[in-house]
Amino acid sequence: MKRIFLFVTVVAVSLTMGMGMGVGPVLADDTANETATDADLEAGDDWSQAIDTDTRITDWSYSSGRFTLTIEADDETRVSLTEAGSFEEGTTSFNYDEVRLQEGTNTVTFAVADRDGAAVAVATRQSLAQGTGAIVSTGMVEQNPFRHFGGETGLFSGVLMTVGLAGLGSWYVVRSEDSGVIEA
């Protein structure tokens with residue numbers, strides 16, 4: 001009887017330990033419900049955001065802590081770039097830069113801190129006089145709430161392993177008693 005119990009326990013533990021390995025690649029292939037990550041984000045086609053009447057952002061992209069902005073200017077002007085986005089409670093510092101734009105299309109690269117959501121605020125003297133400006137944001141990047149448990153696969157493997165071993169222990173107690181459970 002002990003040999004059978006030991007064999008069943010080893011098989012059950014082996015199966016539940018290997019359960020997460022087979023499900024991982026299947027979950028990785030699910031692209032239907034894909035959420036944005038902060039790896040590489042960029043603007044869609046025909047996207048434009050006015051900074052002021054003479055300056056506008058025509059394209060942007062974000063990759064690992066860097067925004068690349070394409071800005072069109074009707075005249076030579078200066079833009080100020082400020083890191084914006086979600087900050088934690090307390091005090092911190094932020095990045096700031098001023099860039100001189102030539103008339104026409106200009107490409108500006110601006111570094112921001114990697115957070116759950118990154119953004120850059122862009123303003124000119126004219127837009128500040130009007131009390132406006134433009135913000136380019138990646139939005140809040142959604143994180144997996146089960147990441148501390150090894151993702152969904154790790155969490156559900158652990159739950160199934162716990163339930164399976166509890167059932168196996170119950171079965172052993174009932175089988176080892178002569179006439180059912182006499183004393184709990």
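Does Trp-60 count as buried or exposed, and at what relative accessibility? In this predicted model, Trp-60 has a relative accessibility of 10% and therefore counts as buried, the limit being under 20%.

The chain as a whole sets the context. Its 184 residues include 23% that count as buried. Three helices and nine strands make up its secondary structure. Along the sequence, these elements follow the pattern α-β-β-β-β-β-β-β-β-α-β-α. Contacts were also examined by sequence separation. Among those between residues at least 6 apart, 57% join residues at least 24 apart.

Aromatic pairing was examined next. The count comes to two aromatic pairs. In one, the ring centres of Trp-60 and Phe-67 lie 6.1 Å apart, and the planes meet at 50°, so the pair is tilted. Phe-67 has 0% relative accessibility and counts as buried. The other pair joins Tyr-62 to Phe-67. Its centre-to-centre distance is 4.9 Å, and its planes stand at 50°, so this pair is tilted as well, falling between the limits of 30 and 60 degrees. Tyr-62, at 1% relative accessibility, counts as buried. Together, Trp-60, Tyr-62 and Phe-67 form one aromatic cluster.

Phe-67 also belongs to the largest nonpolar core. This core has 20 residues. Those with the most contacts inside it are Phe-67, Leu-69, Ile-71, Leu-81 and Val-122. At least two core residues come from each of strand 3 (55-63), strand 4 (66-73), strand 5 (77-85), strand 6, strand 7 (104-111), strand 8 and strand 9. Strand 4 supplies the largest share, four residues. In soluble globular proteins, nonpolar side chains tend to be buried together.

Residues up to four places away in sequence are not counted. Ile-71 touches Ile-51, Thr-55, Arg-56, Ile-57 and Leu-101, among others. Its contacts also include Gly-104, Thr-105, Asn-106, Val-108 and Val-122.

Strand pairing was then considered. Strands of a sheet pair through backbone hydrogen bonds, either parallel or antiparallel. Here, an open sheet of four strands has the order 6-5-8-9 and antiparallel pairing. Strand 6 (96-101) and strand 9 (134-137) stand at the edges. Each has a single partner strand, so one side of each is left without a neighbour in the sheet. With direction ignored, neighbouring strands of this sheet are turned by 25° against each other on average. Strand 8 (residues 118-124) and strand 9 run antiparallel and are joined by four bridges. Val-122, in the core, has Ala-134 of strand 9 as its bridge partner.

Beyond strand 9, the chain continues through a loop to helix 3 (151-176). Gly-139 lies in this loop. At 30% relative accessibility, Gly-139 counts as partly exposed. Gly-139 and Gly-117 are 22 residues apart in sequence. In space, their C-alpha atoms are 5.3 Å apart.

Helix 3 itself was checked for its span. At 1.5 Å a residue, its 26 residues should span 38 Å. The end C-alpha atoms are 38 Å apart, which agrees. The buried residues of helix 3 are Gly-151, Thr-153, Ser-157 and Leu-168.

Terms used. Residues are numbered from 1 along each chain as its sequence is written. This is a predicted model: local features need pLDDT of at least 70, side-chain atom pairs count only at pLDDT 80 or more; totals for chains, interfaces and linings use all residues. Side-chain values use heavy atoms; hydrogens and water are left out. Rings of Phe, Tyr and Trp (its six-membered ring) pair if their centres lie within 6.5 Å; planes under 30 degrees apart count as stacked, over 60 as edge-to-face and the rest as tilted. Buried means under 20% relative accessible area, exposed over 50%, partly exposed in between (1.4 Å probe, protein chains only). Two strands pair if DSSP finds at least two bridges between them. Axes are lines fitted to C-alpha atoms, for helices over the stretch in contact, and angles run from 0 to 180 degrees between N-to-C directions. The expected span of a helix is 1.5 Å times one less than its number of residues. A nonpolar core is a set of buried Ala, Val, Leu, Ile, Met, Phe, Trp, Tyr and Cys residues joined through side-chain atoms within 4.5 Å. Contact means heavy atoms within 4.5 Å.
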